[in-house]
Amino acid sequence: MTGTTRVIVGLSGSLGSLAALYRAVTEAARLEAVLVPVAAWSPSDGDQHGPRPLSELEHAARRRIDTAFEQVFGGYPADLVVHPLAVRGHAGAALVSAVTGPADRLVVGTGRHGRLDRLLHGSVLRYCRTYATCPVIAVSPSELLETLELSARSGAPLPLAAGQRHAGHRGARAATTH
């Protein structure tokens with residue numbers, strides 16, 4: 001995979017991350033790059049019913065990736081090479097660790113997190129801008145909302161990045177290396 005441009009996008013399930021996914025697919029198509037959606041997870045992601053097994057947490061992160069593609073595009077884009085990653089760790093570190101070089105792009109959604117949340121958990125965007133060795137693109141939820149509103153007003157379907165058709169199955173296509 002060395003020498004291949006990658007577009008890495010963080011997926012948390014928030015509206016900001018869905019907007020980031022939409023932008024990342026557009027970037028990957030434009031650059032003819034491999035799309036790497038990343039869902040970070042950690043043992044502290046348990047719910048109110050107590051700790052969950054690590055395998056269950058990783059599986060939930062993988063489902064979060066599938067769900068994001070379903071919500072934004074109705075499935076995985078068929079015209080892109082997609083390499084999903086569920087990474088154990090904090091979101092910022094997981095995203096930065098997926099970067100392979102300066103030609104990559106890292107796409108991060110921004111959201112309406114309060115001051116206390118940023119203080120306790122840090123800012124994923126700030127972490128990525130500090131430590132990533134490639135350009136970092138910040139995307140607000142409003143970019144996706146504007147696209148959705150325009151489509152709704154015109155009666156047109158949601159414009160898909162580069163007009164991709166969708167794969168009918170969950171399996172992402174593997175990149176071919178020469």
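Modeller: Take the contacts (heavy atoms within 4.5 Å) in the protein chain between residues at least 6 apart in sequence: 78% of them join residues at least 24 apart. This is a predicted model, where local features need pLDDT of at least 70, side-chain atom pairs count only at pLDDT 80 or more, and totals for chains, interfaces and linings use all residues. Residues are numbered from 1 along each chain as its sequence is written, and side-chain values use heavy atoms, with hydrogens and water left out.

Biologist: How many helices and strands are there in the protein chain?

Modeller: Six helices and five strands. Starting at the N terminus, you read β-α-β-α-β-α-β-α-α-β-α.

Biologist: How do you know that S4 and S5 pair?

Modeller: Two strands pair if DSSP finds at least two bridges between them. S4 (residues 105-109) and S5 have four, in the parallel sense, so they qualify.

Biologist: What makes Tyr76 buried?

Modeller: Buried means under 20% relative accessible area, while exposed is over 50% and partly exposed is in between, using a 1.4 Å probe and protein chains only. Tyr76 has 5%, so it counts as buried. You'll find Tyr76 in the loop between H2 and S3. By the buried rule, residues making up 39% of the chain's 178 pass.

Biologist: How do H3 and H5 cross?

Modeller: Two packed helices are described by the angle between their axes and the distance between the axes. Axes are lines fitted to C-alpha atoms, for helices over the stretch in contact, and angles run from 0 to 180 degrees between N-to-C directions. For H3 (residues 91-98) and H5, the axes come within 8 Å and cross at roughly 35°.

Biologist: Why is the crossing of H3 and H5 called right-handed?

Modeller: A crossing is left-handed if the near helix is turned anticlockwise from the far one by less than a right angle, and right-handed if clockwise. H3 passes H5 in the right-handed way, so the turn is clockwise. The contact is made by Ala91, Gly92, Ala93, Leu95 and Val96 of H3 with Val124, Tyr127, Cys128 and Tyr131 of H5.

Biologist: How many nonpolar, polar and charged residues has that contact of H3 with H5?

Modeller: Eight nonpolar, one polar and no charged. Ala, Val, Leu, Ile, Met, Phe, Trp, Tyr, Cys and Pro count as nonpolar, Asp, Glu, Lys and Arg as charged, and the others as polar, Gly among them.

Biologist: Which residues touch the most other members of the largest nonpolar core?

Modeller: Val9, Leu21, Leu35, Phe69 and Val107, out of 29 residues. Such a core is a set of buried Ala, Val, Leu, Ile, Met, Phe, Trp, Tyr and Cys residues joined through side-chain atoms within 4.5 Å. Helix H1 gives the most to this core, with eight residues. A second, separate core has 18 residues, including Val34 and Cys128.

Key
Helices (H or I, at least four residues) and strands (E, at least two) are DSSP runs, numbered from the N terminus.
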